[in-house]
Amino acid sequence: MSVAASRRRGVFSGVNRFVEYAGGLATMFGEVCRNVVTLNFRPSEVIRQAYFLGVESWTIVVLTSLFTGLVISLEAASQAVSYGLSQFVGGSVAFGEVRELGPMLTGIVFAGRAGAAITASLGSMVVTEQVEALQSMGVSAVKVLVTPRLLASFITVPMLTVFADIVGVYGGYYMAWLRVHMSPYTYWHSVQTTLIFSDFYKGLEKAAVFGVLVALVAGYEGFRAEGGAEGVGRVTTHAVVTGIILIFVFNFALSFVLFP
Amino acid sequence: MIDEKPSRELEPSPPPPDVAIRLQSIELRYGEKIVLSDCSLDCIRGHTTCIIGLSGAGKSTILRVANGLRRPTRGCVFTLGSELSRLPETEILEIRKRIGFAFQYNALFDSMTVADNVAFPLYELTDLEDDEINERVKSALESVGLDGEGDRLPGELSGGMQKRAGFARAIVNEPEIIMFDEPTTGLDPIMTNIITETIKNIQHKLKVTCLVISHDLPSVFAIADEIALLFEGTIIEYGSVSKVRQSPNPIVQQFLQGSDVGPIPV
Ligand SMILES: Nc1ncnc2c1ncn2[C@@H]1O[C@H](COP(=O)(O)OP(=O)(O)OP(=O)(O)O)[C@@H](O)[C@H]1O
Ligand SMILES: [Mg+2]
């Protein structure tokens, strides 16, 4: 086969795989939506999962957003003050944090922590035939395993994002005060005048979408596990990487749509 | 186009009502590897059919085909009156609610206690009250000799105890068909007898159809109404215990005697 032909074939199978993957995610999402609409899930399991996934992630979310707030403010404050623009520092920290960095970093941390946990637990259930055991009883694995986790992520990521937003903006204030002795009034007034409520709300909408993406990819990858522990490790890595990439892509698309 | 139909699909022949499971000319491949080919088997309602065969012959695969966990690449599967090989997954799930399955490697939910494992099918598939569920779980655990172990996690049990817990989970919902994948492998002789007796009792009491895979010939002879020998992807011998024991087929004789001389390559 010529080099060009084999390359064409490679591209073709790559496209094929992509379509298959996207189709698999969409099918699973469809099934989860049906379960949610028909209330075919256990609320107690959703709460249990939300608690578990939230507890797994919140410390890292808080640390990440704290340091992000600190560093934006560190860069912005000294610059702004030297140009006499200190009334913009609070606003720029809050703007960046609430609209972009809060939801996105929370999503990424969630993918690394909770998404990996979901894939690893489902994957190990697959390789030890527990998923087949469910199916053999006539119980849908998507219903009992994916639906509650996806709902839990849908609730948890926005909640974590609220934490992230608050901690990030406070961190920014602390740094501005430390570096240039900015008065609380200057900082918080700037926050208030720059940010409107819909910024905050739309940020949370993004976060909810990221939660769904992470759980969906994590669940789908978990079901693809095969072999043994090594296979579980492989799909877990894959789930985290895919989840993070999708968050970047969707973040861009959502910013484009939500913040015209 | 119409007159150019490729090699005609096999004509499905639905079984009479006294046959609970019919496999008709099943072929199943994993990639290139052909695991089952032209494999046919009838399991009579209310009887115990034992499948015996070499390790890796495809016995576990047959069970999975029979309850729709694997779709054959060719052939028809009729289970409890429906042609599984044509049904969508959602309808297969409905049929499986009437089938109990005890896995070769137990497949217990390791995050749940033994009692919760056994209760799981009842919670998911029935509207029973909690008291009734507890009662049923208790008696299922008792029938496999696990009374008092309900609160432990599967990881804290020995292999044989896990096996029996999986067994309790398969029978708790009083299914119409129970499939046991090597129920006695890994158990001590006394427990093997208890399990063999349990299968016999359940079968007599509930008149369920049992499909059992086993290497343990004494227990096969004790519980089987019919025996099927799977060899190289096909059922090469099928019939009552005495018929199979007297089979003139040298492969069957070699298998029953466990001898290393004969037509089976070792
Ligand atoms: N998921 C799979 N992918 C690829 N090959 C498989 C898969 N499952 C089983 N096989 C192959 O199919 C063949 C039959 O497997 P199966 O588990 O049905 O054997 P078995 O008769 O139950 O053996 P044993 O007595 O050891 O349990 C084996 O050769 C196995 O390698
Ligand atoms: Mg097997």
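Predicted model: local features only at pLDDT ≥ 70, side-chain atom pairs only at ≥ 80, totals over all residues.
The expected span of a helix is 1.5 Å times one less than its number of residues.

**Helix α5 of chain B**

Helix α5(B) covers residues 159–171, and its 13 residues should therefore span 18 Å; the C-alpha atoms at its ends lie 19 Å apart, in agreement with that expectation. A residue counts as buried when its relative accessible area is under 20%. Twelve of the 13 residues of α5(B) are buried, so the helix is largely enclosed by the rest of the structure. Among these buried residues are B:G160, B:M161, B:F167 and B:I171. Both chains contribute to the cover: it includes α4 (130–136) of chain A, and from chain B it includes β6 (99–102), α3 (114–125), α4 (130–143), β7 (177–181) and α6 (189–206).

Strand β8(B), residues 209–213, is mostly covered, with five of its five residues buried. In a regular strand the side chains alternate between the two faces of the sheet. On one side of β8(B) the buried residues are B:T209, B:L211 and B:I213, and on the other they are B:C210 and B:V212, so that both faces are covered. Strand β3(B), residues 48–53, pairs with β8(B) in the parallel sense over four bridges. Within β8(B), B:I213 is the residue opposite B:I51. Strand β7(B) also pairs with β8(B) in the parallel sense, over five bridges; here B:M179 has B:L211 as its bridge partner.

**An antiparallel sheet in chain B**

Chain B also contains an open sheet of four strands in the order β2-β1-β4-β5, with antiparallel pairing. Its edge strands are β2 (33–44) and β5 (82–83), each of which pairs on one side only. Helix α1(B), residues 59–66, packs on this sheet and touches β1 (19–30), β2 and β4 of chain B; the direction of the helix makes about 120 degrees with that of β1(B). Strand β4(B), residues 74–79, is joined to β5(B) by two bridges in the antiparallel sense. In this pairing, B:T79 stands opposite B:S82 of β5(B).

| Residue | Atom of the residue | Distance to an oxygen atom of ligand 1 |
|---|---|---|
| B:S55 | polar side-chain atom | 2.6 Å |
| B:G56 | backbone N or O atom | 2.8 Å |
| B:Q104 | polar side-chain atom | 2.8 Å |

**Two residues with positive phi**

Residue A:H181 has a phi near 50 degrees, a positive value in a residue other than glycine. Its place is the loop between α5 (141–180) and α6 (184–194) of chain A. Is this residue buried or exposed? A residue is exposed when its relative accessible area is over 50%; A:H181 has a relative accessibility of 63% and therefore counts as exposed.

Phi of B:A107 is likewise near 50 degrees, again a positive value in a residue that is not glycine. B:A107 lies in the loop between β6 and α3 of chain B. At 2% relative accessibility, B:A107 counts as buried.

Terms used
Residues numbered from 1 in each chain as written. Chains lettered and ligands numbered in written order. Heavy atoms only, no water. Pairing = 2+ DSSP bridges. Contact = heavy atoms within 4.5 Å. Axes fitted to C-alpha atoms, helices over the stretch in contact; angles between N-to-C directions. Buried < 20%, exposed > 50% of the residue type's maximum accessible area, 1.4 Å probe, protein only. Polar contact = N/O pair within 3.5 Å; in protein donor to acceptor, adjacent residues only side chain to side chain.
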